Amino acid sequence: MSQNEIKWLATLLMVIDHVGFLLEIEPMRIVGRLSFPIFAWVLAQNWKRRKPESSAKPLITKLLLFGIISQVPYIILFNRLEFNILISFALVVIIFTQIHKVEVNKKFLIMILGLIAAQLWGVSYGWYAVGCPLLMINLKGKGDRMWWISWCLVNGVYAITSGYLLQIFAMLTPLILAYHDPAKDQKPGAIEKRFFYYFYPIHLAGLAALQTIL
């Protein structure tokens, strides 16, 4: 699969997850647990390909803008006073930017501060929203033992501390990513590149409206 195909898969899984939440269908929510880690992987891949001298401000601005637009339907649908996933990813990009700027001996400190900030600021997924992309940016083709231990540990700790044990199924995400074939990757078109930013608030608004009917 190409990266774009994997991103479309993540979008489909996200919709399945949100519909499962709305209709209270647990199997759909289990399948949906794979969505966020896949999006985290996509973000990590895009970050690794960016030119060192390029600015991250346009990406941060876009994530924050559509995150703000999505916030009201997000709160209505999930009945949670937390920032949605686009704002979580904006924070991740800010952290990636700072990690890139500082000396090697300060990178770990930035990571820790980022995890704490995500938890304190109440972004969707809390500290996991930062921990997951940080791990995904180091995912190798076949992975390695230490990476897998870290991945399983992070997902296990989050599942227990959040009280949402279904998140444990996110451990399976790298098994899907193993089917990524870099040779098939192509630069997405303008419409495809913007699609998710518009689709995210629109689908939240639609589900939130549907929720008032059910």
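1. Buried means under 20% relative accessible area, exposed means over 50%, and partly exposed lies in between (1.4 Å probe, protein chains only). By that rule E82 is buried, because its relative accessible area is 18%. R80 is partly exposed, with a relative accessible area of 33%.

2. Some ground rules. This is a predicted model, in which local features need pLDDT of at least 70 and side-chain atom pairs count only at pLDDT 80 or more, while totals for chains, interfaces and linings use all residues. Residues are numbered from 1 along each chain as its sequence is written, and side-chain values use heavy atoms, with hydrogens and water left out.

3. How many salt bridges does the structure hold? There are three. A salt bridge here is a side-chain nitrogen of Lys or Arg within 4 Å of a carboxyl oxygen of Asp or Glu. Side chains of opposite charge can pair when their charged atoms come close.

4. E82 and R80 form one of them, at 3.1 Å from N to O. Salt bridges that share partners join D17, R29 and R33 into one network.

5. Take D17 with R29. Their closest N and O atoms are 3.0 Å apart. The pair links distant parts of the chain: R29 sits in helix α2 (residues 26–32), D17 in helix α1, 12 residues apart. Helices are DSSP runs (H or I, at least four residues), and strands are too (E, at least two); both are numbered from the N terminus. R29 and D17 are both buried.

6. Now D17 with R33. The closest N and O atoms of this salt bridge are 2.7 Å apart. D17 lies in helix α1 and R33 in the loop between α2 and α3 (35–49), so the pair ties together parts that are 16 residues apart in sequence. D17 counts as buried because its relative accessibility is 5%. R33 is buried too, with a relative accessible area of 2%.

7. H18 also belongs to helix α1 (residues 3–23). H18 is buried, at a relative accessible area of 8%. Which residues does H18 touch, not counting those up to four places away in sequence? They are F78, Y200, H203, L204 and L207. Contact means heavy atoms within 4.5 Å.

8. On the surface, F108, L109, I112, L113, I116, L120 and W121 form a nonpolar patch. Together they have about 770 Å² of accessible area, by the Shrake-Rupley method with a 1.4 Å probe, where for residues only the protein chains shown count as cover. Patches are made of residues with over 30% relative accessible area and no salt bridge; like charges are joined within 9 Å, nonpolar side chains (Val, Leu, Ile, Met, Phe, Trp, Tyr) within 5 Å. L113 is found in helix α6 (residues 104–120). L113 counts as partly exposed, at 46% relative accessibility.
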